[in-house]
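Subject: Structure handover

Hi,

Here is the structure we talked about. My notes follow below it.

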Amino acid sequence: MKKRHLTRRDTLKLGALGITATLIQNCTDSTTVQEFLQRRLREMSPEEVAETIERLKQKYRDLYGVDFKIQNTSSPEGVVFGFALDISRCIGCRRCVYACVRENNQSRDVQIHWIRVLRMKKGGFALESADHYYDPEEVPEEGYFYLPVQCQQCEHPPCVKSCPVEATWKDSNGVVVVDYDWCIGCRTCMAACPYGARHFNWNDPVLPRDEINTEVHLYGNRPRSKGVVEKCTFCLQRSREGRYPSCVEACPAGARKFGNLLDPESEIRYILENYTVYRLKEDLNTEPRFWYYVTHGW
Amino acid sequence: MLGFGLAWLSIPLPATVMEEELQVEPPEILSSLLFPCTQCHEREQRPDNPVGHAGFHTDKSISGHGEPTKSCFDCHNRDNLDTLRLVGGEEVAFEQLHLLCGQCHGKIHIAWKAGAYGKRIGLWNGEKRYYSCTECHDPHRPQFSRVKPDSAPVRPEETLR
């Protein structure tokens, strides 16, 4: 009998079979398909959102071995959030940085910090020579002041303008949010942000199991995945429910102030009306909703 | 703002001042074994302002605060040591000690009541708790002591592997 050789046609057939098999194997996990076919969170019907939440719960259970409570609280009406920080009170202790890390499930390795505390020499405002890696025995240090920087929730956010897939936008409270499932990880927004407020997940986030915050929001502190960009949301999982962001409550010096800019009785409005306030890189016309002020004197 | 401050100062204070309902925690001393002070300080055994009297309260030096006046009874009520007193002699409960501090620190007092100074936790649109003066400051040594900062971020070059 004539021995049959492997023809070109056979090779192609086998190859196609192999690829299909691999695909089927990978996709037997139906969440992957769902995730792949998922639309923008903003465009979803309530049923689709509920499905997504269920899928995410399952995913997080598999990944982290804990049950998450995923909220989709909507933005409160008639509220625009504003933040003020008293730089004369900040002592540079970084309590806010780590309270934020824990509250918002930021990766511990590769490390992501949404808040960066800049240290600058007193007597000037030399941002270009500011250091956020300072590590003395004790703070505050003689001759320095500290300037915590996080997302400034701009009125004209360059990051939103730069996103090629509209995966990030400003919500009705003025908070810039990210659809972590829509982000393609191109990092254009990071290049566009003048405040260094956006951070990229170089790997799947590493979260110690006993420190995971399981009270999460769909747009807020739910664990992200490798290859997406994340940022401060003024703790929308807390603030949309009326609570102060976690950094505000963590500050031992009471330097952080938060509230509704549309409420004339709020502390944030009091500060804006009674103190000299300063916005970072105001010349860029990003119109931050984050003010720095000073309560000098006694 | 100034008008507000002056108006507040000119209000004649009642014997025991309980100002507006502020959500302030009572100071730690009230829940400690040291309180009430009259356990030891009987009315007829009033100390004559010796700092470190009979070996007690030696840690309560008031250096760096309110010099040159250094009398315990600038703030503590000699007639009833379970309360404090204002400059004009009005009695103030420990719970309302911000009134006492506010006598000198007027600007800060106004800022604190308005929410521009000091720590608050709770709801931005509702019930919140104001941290009172002595929750953050030692009343006898109010300047903050230095603290160890939390660890510095890892530099990117140390992350690469």
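Which residue of chain A meets B:K128 in a salt bridge? The partner is A:E267, with 3.8 Å from N to O between the side chains. Keep in mind that this is a predicted model.

The interface

That pair belongs to a count of four salt bridges between chain A and chain B. Polar contacts join 19 residue pairs across the interface, with both residues at pLDDT 80 or more. Several elements of chain A each supply at least two residues to the side that touches chain B. They are β2 (81-86), α4 (95-103), α8 (246-250), β10 (256-260) and α9 (267-274). By class, this side of chain A has 23 nonpolar, 14 polar and 14 charged residues.

The contact takes 51 residues from chain A and 36 residues from chain B. Together the two chains bury about 3,600 Å². Carbon and sulfur atoms carry 53% of that area.

A:Q150

One residue within chain A gets its own note. A:Q150 sits in the loop between β4 (144-149) and α5 (158-162) of chain A. Is A:Q150 buried or exposed? It is buried, because its relative accessible area is 2%, and the cut-off for buried is under 20%. The side chain of A:Q150 makes a polar contact of 2.8 Å with the side chain of A:R256. Leaving aside residues up to four places away in sequence, A:Q150 touches A:F83, A:W114, A:I115, A:A197, A:C232, A:C247, A:R256 and A:F290.

Best wishes

Methods. Residues numbered from 1 in each chain as written. Chains lettered and ligands numbered in written order. Predicted model: local features only at pLDDT ≥ 70, side-chain atom pairs only at ≥ 80, totals over all residues. Heavy atoms only, no water. Contact = heavy atoms within 4.5 Å. Buried area = accessible area lost by both parts, 1.4 Å probe. Polar contact = N/O pair within 3.5 Å; in protein donor to acceptor, adjacent residues only side chain to side chain. Helix = DSSP H or I, 4+ residues; strand = E, 2+ residues; numbered from the N terminus. Nonpolar A, V, L, I, M, F, W, Y, C, P; charged D, E, K, R; others polar. Buried < 20%, exposed > 50% of the residue type's maximum accessible area, 1.4 Å probe, protein only.
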